[in-house]
Amino acid sequence: MAYHHDSRRIFVGQDNGAIMEFHVSEDFNKMNFIKTYPAHQNRVSAIIFSVATEWVISTGHDKCVSWMCTRSGSMLGRHFFTSWASCLQYDFDTQYAFVGDYSGQITLLKLEQNTCSVITTLKGHEGSIACLWWDPVQRLLFSGASDNSIIMWDIGGRKGRTLLLQGHHDRVQSLCYLQLTRQLVSCSSDGGIAVWNMDVNREEAPQWLESDSCQKCEQPFFWNLKQMWDTKTLGLRQHHCRKCGQAVCGKCSSKRSSYPIMGFEFQVRVCDSCYDSIKDEDRTSLATFHEGKHNISHMSMDVARGLMVTCGTDRVVKIWDMTPVVGCSLATGFSPP
């Protein structure tokens, strides 16, 4: 759904691909049907309404993003992807749309009245994109995926800078960036709630290097048949140090460590030399973690009032007091009859 508070217009996406528009009465006791938009041929996954252009923009499981005119109800344009389009964010000033899909890609589109152009494609996740959050002030895009990770894309910096955040043990379902305090709130399907401190100079995770032999002890990996034959040794399995990115064998990367400044809040594989370089203070967490105690499928925040609402497949809705932010406390919870 998408709700525009000032005009009290609500747009509801359906499994058949249609979007229905309603107008909510002033006392919020009645909804009047306005019109139906034939936006998709399959389930609608996300909706955004732009009052400036009078567009309703949506993504669906028919592998496309569409934008329709709310004045005439006509289709203005469509763009198709190779996978289901799962989530959507939109920059109202520049008319850029960010679309995440089930292949793990995020496509940046420039929407026009009757056409669109692909600006770039962001690749970094190893699982389907589950949620996006766009901060128009700092021009940062956050993405959460089924690979349990979050990536911050510095769109405004124009240098391709990305930050990896790993602290969830299940699919990241919802994101919200608090621009005032520079904190990111994320929720996962196992009920985990994380509050990330983004007001620190975080380090980018390195690109993984490729090699035919361990870059520490120079022992061959199992596909390096020539070196295996020459040295009369068995090939080893290749691993990667999360801190330096070097290709290493298991013997040279036997230790594990957290490294929060690079986004690794739990222990990951590091080579022996990197492990020795990590100090105790480097392991200090840069996020706080809380247990939602229900399967979270969606989260929404009212930043002005400091409240967060989560709902899950257990049919429970919980309202959280987020005013302390770091010390989340459950305000109330209820289940529909």
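This is a predicted model: local features need pLDDT of at least 70, side-chain atom pairs count only at pLDDT 80 or more; totals for chains, interfaces and linings use all residues.
Colleague: What share of the residues in the chain is buried?
Modeller: A residue counts as buried when its relative accessible area is under 20%. The chain has 337 residues, and the share of them that is buried is 48%.

Colleague: Among contacts between residues at least 6 apart in sequence, what share joins residues at least 24 apart?
Modeller: Contact here means heavy atoms within 4.5 Å. Take the contacts in the chain between residues at least 6 apart in sequence; the share that joins residues at least 24 apart is 41%.

Colleague: Is A2 buried or exposed?
Modeller: A2 lies in strand 1, residues 2–4. Setting aside residues up to four places away in sequence, A2 touches R9, I10, F11, I47, I48 and F49. Its relative accessibility is 10%, so A2 counts as buried.

Colleague: How far apart in space are A2 and G13?
Modeller: In sequence, A2 and G13 are eleven residues apart. From C-alpha to C-alpha, their separation in space is 8.7 Å.

Colleague: Which side chain makes a polar contact with the side chain of S58?
Modeller: S58 is in strand 6, residues 55–60, and is buried with a relative accessible area of 0%. Beyond its neighbours within four places in sequence, the residues in contact with S58 include I19, V44, C64 and L88. A polar contact needs N or O atoms within 3.5 Å. At 2.7 Å, the side chain that makes one with S58 is that of H40.

Colleague: And which side chain makes a polar contact with the side chain of Q173?
Modeller: Q173 belongs to strand 17, residues 172–178, and its relative accessible area of 17% makes it buried. Leaving out neighbours within four places in sequence, its contacts include A130, C131, C187 and I296. The polar contact of its side chain, at 2.8 Å, is with the side chain of R171.

Colleague: How many disulfides does the count come to?
Modeller: A disulfide is a covalent bond between the sulfur atoms of two cysteines. The cut-off for such a pair of sulfur atoms is 2.5 Å. By this rule the number of disulfides is zero.

Colleague: Which cysteine has the sulfur nearest to that of C116?
Modeller: C116 is in no disulfide. The nearest cysteine sulfur is 11 Å away and belongs to C64.

Colleague: What is the relative accessible area of C311?
Modeller: C311 is in no disulfide either, and the nearest cysteine sulfur, that of C187, is 10 Å away. Partly exposed covers the range between the buried limit of 20% and the exposed limit of 50%. C311 is partly exposed, and its relative accessible area is 26%.

Colleague: Where is K232, and is it buried or exposed?
Modeller: K232 sits in the loop between helix 1 (225–231) and strand 20 (239–240). Its phi is positive, about 55°, although K232 is not a glycine. With a relative accessible area of 63%, K232 is exposed.

Colleague: Where is F28?
Modeller: F28 is a residue other than glycine with a positive phi, near 60°. Its place is the loop between strand 3 (19–24) and strand 4 (31–37).

Colleague: Which residue in the turn between strand 22 and strand 23 has a positive phi?
Modeller: Strand 22 (residues 255–259) and strand 23 run antiparallel and are joined by four bridges, with Y259 opposite F264. Strand 23 (residues 264–270) is mostly covered, as five of its seven residues are buried. The two strands form a hairpin with four residues between them, and the turn residue with a positive phi, about 95°, is G263.

Terms used:
Residues are numbered from 1 along each chain as its sequence is written. Side-chain values use heavy atoms; hydrogens and water are left out. Buried means under 20% relative accessible area, exposed over 50%, partly exposed in between (1.4 Å probe, protein chains only). Two strands pair if DSSP finds at least two bridges between them. A polar contact is a pair of N or O atoms within 3.5 Å; within protein, one must be able to donate a hydrogen and the other to accept it, and residues adjacent in sequence count only if both atoms are side-chain atoms.
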